[in-house]
Amino acid sequence: MYFDPEYERMDRETLGDLQLERLQSTLTRVARNVPLYRRRFEEQDIDADDFRSLDDLRNLPFTTKQDLRDNYPYGLFAVPMREVVRIQASSGTTGKPTVVGYTRNDVRRWARLAARILTAGGVSRDDLVQVALHYGLFTGGLGFHYGCEELGASVIPASSGGTRRQVTVMQDYRTTALVCTPSYALHLADTMDEMGLNTNSLSLRYGLFGAEPWSEGMRREIEARLKVTATDNYGISELMGPGVAGECLERRGLHVNEDHFLFEVVDPGSGEPVAPGEVGELVVTTLTKEAFPLIRYRTGDLTRLLDGPCPCGRTFRRISRIIGRSDDMLIVRGVNVFPSQVEAVLLESEGLGPHYQIELSRGESHLDEATVLVEAAEESTATGSVMLQVEHVKKVEKRLASELGVSFKVRMVEPRSLARSEGKARRVVDKRSL
Ligand code: DLL
């Protein structure tokens, strides 16, 4: 039931002492080894040795995604490259993804935290776990894979895609636990229907899902169709990947691995802590990461802290499901996309005006469908043939797919046909009902 009972059930006072001790040593290390932190601490007269209480955390500056971009690729590493045994990156998007390094200890700890989350979701060494998340720079596949091995479960590294093959593997290998994104779980269920397969003939019992937003409604549908107990898992590559927080079988919020991460919830505008239980932006400080420690990292994810004991016996605090994002990053089929990246491609393409809108929907297949409506440039409609327009559209679709790592459909519309706004443009219409 617990993978690390001595930590997962630690009394809160001892946990607080452990967190403070680990925070102090993290602060000392980043001040010594990471120029960005050394500079900031000096500027603000922060001395790691003065840290006496976890409440002092709020005096430290935030780290933002922009800081990570400015220091691309290795500028925030706190150890020499010879200590780094693994490189991962934030999902899919090109431009400047965030590169994350892991020491041997980081990889070991990551495996243990993933094993905790798997255990909390019902998986044991008796299970056959099909990991249908991408293996590669994305942290999902490898993160869960190492967690399964650490736990002693039998891992089936199916990776993502090849949906019919996934179903065949699930049936033939008698998979008992499935790990993937929630939208892919529904796509698998649809494919099973198409293949005429009765899910009762499968051996599935547990499903661990994450990497994208989903809802209780989606959970019910996945559980009913795949006959699994479904749990939610939160992670983010900058911090580690999966293994940061996850639900236990009570499914009353996601337990945070608090011995390795400090969570705060702040008002995205003011940066001040919100009242207990209020929704705000999740800010995380790593307590044990060696290669890539982060201090007060603004995740952009909106959630709230849930206090009070959980009947499962774990003492770690919980967060609610991720409610949304404070910035404009979109997650399309698990790939992070910023509207600004779409815009950059459109603006460089011939025959297109600058006005566009991104529409997101979830089709019958349950997979995200992304369409960019873009106005034809006035001059191109005056002079251009339909054939030429079709050609432009195809070119742009190709560029978008290669720049973003996920396909977007492009629909050219009449000049001046998209709604204009007097304030901020509404660039994204999200019709995905979760
Ligand atoms: O998605 C790590 C992961 C892999 C987590 C597999 C769980 C399972 P990134 O690609 O860096 O890392 O994307 C991180 O995805 O900031 C959230 O916005 C979103 N996200 C992750 N888990 C959840 C979740 C992985 N359970 C970004 N619910 C985060 C809602 C989630 N959003």
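**Close-up views of a predicted chain**

**View 1. Thr103 is buried, with a relative accessible area of 3%.** Buried here means under 20% relative accessible area, with exposed over 50% and partly exposed in between (1.4 Å probe, protein chains only). This is a predicted model, where local features need pLDDT of at least 70 and side-chain atom pairs count only at pLDDT 80 or more, while totals for chains, interfaces and linings use all residues. Residues are numbered from 1 along each chain as its sequence is written, and side-chain values use heavy atoms, with hydrogens and water left out. Thr103 sits in strand β2 (residues 99–103); strands (E, at least two residues) and helices (H or I, at least four) are DSSP runs, numbered from the N terminus. Setting aside neighbours within four places in sequence, Thr103 has contacts (heavy atoms within 4.5 Å) with Val79, Glu83, Val84, Val85, Glu290 and Ala291. Look for Val129 too: Thr103 and Val129 are 26 residues apart in sequence and 26 Å apart in space, C-alpha to C-alpha.

**View 2. Here is the largest nonpolar core, with 47 residues.** A nonpolar core is a set of buried Ala, Val, Leu, Ile, Met, Phe, Trp, Tyr and Cys residues joined through side-chain atoms within 4.5 Å. Leu27, Leu60, Tyr234, Leu239, Phe261, Phe263 and Ile319 have the most contacts inside this core. Strand β10 (residues 261–266) supplies the largest share of the core, 4 residues. A second, separate core has 23 residues, among them Val342, Val345, Ile358 and Leu404. In soluble globular proteins, nonpolar side chains tend to be buried together.

View 3. Ser320 lies in the loop between β14 (318–319) and β15 (324–325), and is buried, with a relative accessible area of 9%.

**View 4. Zooming back out, the chain has 12 helices and 21 strands.** Its radius of gyration is 23 Å, close to the 22 Å that the globule rule gives for 434 residues, so the chain is as compact as a globular protein of that length. The radius is taken over C-alpha atoms, and the rule is 2.2 Å times the number of residues to the power 0.38. Buried residues make up 56% of the 434. Of the contacts with a separation of 6 or more, 66% are between residues 24 or more positions apart.
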